[in-house]
Amino acid sequence: MLTVGDGNRQSRKEDSHLLHFVSEGMFVVSLDAQRTGNSKEKLGGHAGLLKGYSVLLAKAPLLKMETLGIRSEDVQTTTTNTPVGIFLVVYYISNYVFRFLCQILGRFNRARAAQLTLPHFISQTPLFMPVGTKGAIKGLTTSQLEEIGCQIILGNTYHLELQPTSELIDELGGLHKFMNWPRALLTDSGGFQMVSLLHLADITENGVTFQSPVDGKPMLLTPEESIQIQNRIGADIIMALDDVVRTTITGPRIEEAMYRTLRWIDRCIAAHKRPNEQNLFGIVQGGLDPVLRDICVKGLVERNLPGDQLIEMTEFTSVTAMLLVVFQAVKIKIHFGVLLLSALLRCLKINHDMLWYKTVGVGYPLDIVVCSALGADMYDCVYPTRTARFGSALVPEGILKLTHRAMADDTRPVDTTCGCMVCKTYTRAYIHCLVTKDAMGSQLLSYHNLYYMLKLSRDLHSSIIEGRLPEYVCLFLCLDFAFYLLSVLFHWFVCGFLQKMFPKGDVPEWVCNAMEVAGIDISSCCAPFSSSQD
Amino acid sequence: MKFAVKAWSKGRARAGVIQFVVGSRSNSPLHPTEIEIETPALLLSTRKGLPFFISPDLLPSLPSPDSHLLQFSPLHFLEGITPETISAIGGLHEMVGLHEYGFAAVPRDSIVCLPHCDCTNKLGASFETPFGRILIKPSEYMKFISSMKPNSWTSLADEVPAWVSEKRNKTSVDRTVRWLDDCIALSSKGGNIFGAIVGGSSVEERRRSAQEVAKRNVSDFKTCESVLYYFFRSFNLELIDETMATSSSVFVNQMSHLATPETFEARNPNHPTGFEIPRLGELWVIERTHYLAQTENSSHESSNKSVGYWIGGFGLGESMEDLSPLLNAVTDCLPEQKPRQICGLGLPEEVLQGIDSGVDLFDASYIYNLTTGGFAVTFPLERIVRNVSDSKLSNKGSDGTKINLNNAVYRKDNSPIVDGCRCYSCQNHTKAYISHLLNVNEMLALILLEIHNTHHYLGFFRAIREAIKGGKFEEFQHHFIEDSRDHIFAAALSA
């Protein structure tokens with residue numbers, strides 16, 4: 001459930017990166033379900049916001065409380081303390097959303113729905129890939145995954161190499177056989193985990209040096225080795241090792257990483273032993289710098305990656321497998337929207353029709369809608385299953401926090417519009433008494449959340465095929481209060497972030513340009529924020 | 001719920017059929033149907049009405065109808081959901097979406113809700129639960145029962161471990177009988193009651209407990225005494241010697257002095273015995289016979305009588321040797337044509353002993369313990385003459401009944417847990433995979449293990465039923481115990 005409170009109450013330290021831009025008396029919309037603790041006040045604030053919202057936005061016919069799934073009984077408090085805050089939220093919602101919609105409508109032709117033929121499965125894009133880090137999706141059997149329409153599962157090379165080791169997987173017939181998954185698999189290069197999970201990871205021209213988690217000795221992962229491991233695991237799609245840098249870093253390190261990634265791709269191609277069975281995806285590096293991104297994309301395209309070996313199996317004349325790493329710094333979600341939009345757009349300038357774009361760490365439903373509209377094809381994220389284990393369900397309204405006390409006597413299904421086994425059978429009240437206490441709670445919610453994500457990507461696919469994407473996006477966004485809030489949040493995040501970084505309003509030109517491309521109005525950041533309250 | 005014994009072994013073991021009505025779901029096309037389950041049967045343990053790890057869409061992969069009996073503990077719902085909400089949802093069947101399954105309510109689940117005898121007092125039974133130690137009174141317990149509408153339910157029992165004093169043990173029997181009366185008085189129509197039998201490790205107390213409960217199996221169950229008991233206890237008048245209340249109207253007078261009609265009504269908004277509650281002032285004039293007549297009438301319309309017996313107090317420190325005499329003392333006192341349910345017997349050897357004494361329904365906490373420990377049951381369901389000194393088997397740390405998949409020897413084992421097993425896990429996955437999942441703490445390991453273990457244990461019960469029907473139960477039991485003993489010896493020798 002989205003939670004809303006006023007700025008003072010929520011300004012705890014851990015929220016600071018979300019909320020630092022909020023001045024006193026403002027309402028804050030926090031999307032991150034995991035970070036919200038108990039709070040009646042938040043619900044009160046939430047309801048209050050909704051109340052004000054529905055009143056003030058009476059012009060928009062779709063925005064009724066009923067359509068948002070909020071019962072009037074839930075509205076506990078009114079907006080007594082901060083009417084200004086509510087007004088601003090509403091202002092932002094109305095101001096932003098329509099801008100946002102127009103933008104997507106304008107770029108509708110970038111969206112693609114396609115058929116991706118892999119050795120084990122013919123999949124339909126846009127598609128969402130659940131993450132089975134250690135050779136299993138947490139809490140679901142492979143038969144259940146097939147049932148809910150999962151097409152590709154992602155495995156993490158780093159974790160699989162630690163346990164049970166790629167040699168063992170190879171000996172037992174590959175990962176498909178090991179986990180008994182008849183459809184497609186994808187493995188990453190392992191480099192990202194080494195940098196993110198391990199301290200003392202050092203990247204040199206030869207490869208990534210890291211401290212072994214087993215005995216603490218320094219170990220080296222080279223591009224060749226990464227490909228060897230992935231060859232042994234045997235996934236349908238494998239990733240080239242890249243030089244991972246935080247997207248927040250600027251300067252020569254980005255350029256170095258980009259060129260190194262290009263040099264390593266050659267080594268990866270040379271080391272790839274099973275080009276007929278496994279498709280190698282390259283990785284675009286280059287940080288925020290559009291020039292570097294362009295160079296990297298061109299470089300990869302020139303190499304005409306072994307993906308074109310797929311010709312025999314696909315109906316496409318030229319298939320080049322591509323991975324677009326837009327966003328490695330998963331944790332810093334604030335950056336996400338900006339980076340994604342600008343980076344995607346940069347790359348799409350030299351778009352080849354059959355490039356496959358995969359985005360990393362893209363998992364929020366809105367992200368998927370936006371990325372698909374901009375032409376990305378594949379997404380993976382642990383978000384649906386992880387958030388399920390924390391007791392949150394993905395619903396069209398956003399996030400439903402089933403741990404909240406208000407759920408204890410709610411006899412509606414988790415998502416009234418969902419057709420999955422969980423929503424057809426169980427009430428929120430029952431799930432409420434299971435979540436975070438019993439394994440079954442995580443299992444049922446993971447099932448629902450994955451179903452929701454897979455259904456979303458299926459709907460995107462069919463809506464693109466039928467030429468309905470604009471309407472779908474509209475419908476999705478209009479009916480959906482959460483995504484209004486999310487878009488506000490996104491806007492707000494960006495503004496707040498920029499304001500914090502440039503308190504005098506001296507936002508660099510390149511940021512302004514990126515914002516313009518992304519359709520984000522940052523004019524409020526170029527002047528002191530407080531003035532917008534007047 | 002109906003029960004009939006179909007076959008007897010040479011001893012007390014019997015095979016029967018239990019019938020219950022399921023699928024009576026309001027506002028749906030499901031029609032009430034009868035399900036027949038053969039006994040001796042296993043009641044699958046659940047947490048909050050669902051198996052621990054097997055999600056409802058995977059449940060149908062278990063053998064049907066054997067797997068359609070589930071046991072749950074109403075105490076699991078003390079936190080997070082109220083009886084009112086459960087009623088609003090439409091009872092337990094509707095809430096967990098298992099309309100074609102039979103639910104048996106037992107307060108203790110032998111896993112996370114265990115009786116705590118030191119804190120149990122005259123008001124109610126104390127349990128250790130995941131949300132702390134709680135005291136539950138018969139009235140609170142019955143509130144949950146009436147909201148959940150299980151197919152059968154067990155009365156509240158004061159279970160004590162084997163080592164308590166004789167006096168405490170005696171108290172526990174008295175209380176359990178009293179609470180049975182309370183629960184019956186408080187129960188609504190249509191419930192199938194399993195009367196709780198306790199008695200610790202004393203054969204005499206076990207017999208007394210069983211006899212007391214057995215007395216209550218007839219239609220005059222709701223005697224005047226039990227009603228009076230309830231009245232007294234609802235006013236917390238326990239200071240009065242309870243035994244005196246059985247036949248004297250003096251207490252009715254006392255009661256009317258001590259309590260006002262308001263408090264009476266507040267405590268008993270709707271007296272659930274099915275007849276009008278007399279005003280307190282009039283209470284004493286009501287003849288005992290009147291009560292009896294009323295009770296008989298009401299019991300004709302409702303099936304409010306003990307349809308079976310639940311044997312509690314096991315799995316709490318008694319020795320294996322004591323088990324048979326204690327169980328025999330109990331089952332000898334019980335009418336033959338009623339089912340007997342037990343809690344706390346888990347190991348296959350214990351189950352065999354229980355069946356040998358004439359118990360029909362068992363709980364499955366053993367499966368939970370195996371599963372969470374990474375074990376898979378593997379004992380042969382048909383007796384195969386094997387070379388017990390098979391070193392390969394004993395090397396793998398097996399005792400002949402189960403294997404520990406945490407063991408590194410299964411790392412590369414590309415075979416199913418049990419060759420030829422028809423369960424979902426064995427049909428789809430290998431020992432190597434489950435072993436890996438356990439190694440990396442993946443929830444899927446527990447799902448797959450619970451499926452296999454449940455499937456296998458249900459097969460064990462089927463084999464037992466066949467043996468009883470074929471008149472070979474004693475041989476079956478003998479061979480089973482001998483085999484596992486041989487295995488342990490072989491393992492010890494090769495170690």
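Reader: Does K149(B) count as buried or exposed, and why?
Author: K149(B) counts as buried because it has 20 C-beta neighbours inside 10 Å. A residue is buried if 20 or more other C-beta atoms lie within 10 Å of its own, exposed if 12 or fewer, and partly exposed in between, with C-beta atoms placed from the backbone. Please note that this is a predicted model, in which local features need pLDDT of at least 70 and side-chain atom pairs count only at pLDDT 80 or more, while totals for chains, interfaces and linings use all residues. Residues are numbered from 1 along each chain as its sequence is written, and chains are lettered from A and ligands numbered from 1 in the order in which they are written.

Reader: Where is K149(B) found?
Author: K149(B) lies in the loop between α3 (138–148) and β10 (152–154) of chain B. Helices (H or I, at least four residues) and strands (E, at least two) are DSSP runs, numbered from the N terminus. Just after α3(B), K149(B) has a positive phi of about 50°.

Reader: What does K149(B) touch?
Author: Leaving aside residues up to four places away in sequence, K149(B) touches G91(B) and L92(B). Contact requires C-beta atoms, placed from the backbone, within 7 Å. The C-alpha atoms of K149(B) and G90(B) are separated by 8.7 Å, although these residues are 59 apart along the chain.

Reader: And α3(B), how many of its residues are buried?
Author: Nine of the eleven residues of α3(B) are buried, so the helix is mostly covered. Among them are Y141(B), F144(B) and I145(B). The elements covering these buried residues include α1 (83–89), α2 (92–96) and α4 (166–186) of chain B.

Reader: Stepping back, how many helices and strands are in chain B?
Author: Chain B has 18 helices and 16 strands. Of its 495 residues, 51% are buried. Among contacts in chain B between residues at least 6 apart in sequence, 72% join residues at least 24 apart.

Reader: What about α16 of chain B, what do its buried residues pack against?
Author: The buried residues of α16(B) pack against α8 (174–179) of chain A together with α17 (443–469) of chain B. Helix α16(B) spans residues 431–439, and eight of its nine residues are buried. Just after this helix, N441(B) takes a positive phi of about 60°.

Reader: At what angle do α16(B) and α17(B) pack?
Author: The angle is about 135°, and the axes are 7 Å apart. Axes are lines fitted to C-alpha atoms, for helices over the stretch in contact, and angles run from 0 to 180 degrees between N-to-C directions. The two helices, α16(B) and α17(B), are therefore oblique to each other; angles under 35 degrees count as roughly parallel, over 145 as roughly antiparallel, 65 to 115 as roughly perpendicular and the rest as oblique.

Reader: Which residues meet there?
Author: I434(B), L437(B) and L438(B) in α16(B) meet L444(B), A445(B), L448(B) and L449(B) in α17(B). By class, this contact has seven nonpolar, no polar and no charged residues. Ala, Val, Leu, Ile, Met, Phe, Trp, Tyr, Cys and Pro count as nonpolar, Asp, Glu, Lys and Arg as charged, and the others, Gly among them, as polar.

Reader: How many residues of chain A are in contact with chain B?
Author: There are 34 residues of chain A in contact with 36 residues of chain B. The side of chain A that touches chain B has 17 nonpolar, eleven polar and six charged residues.

Key. Two residues are in contact if their C-beta atoms, placed from the backbone, lie within 7 Å.
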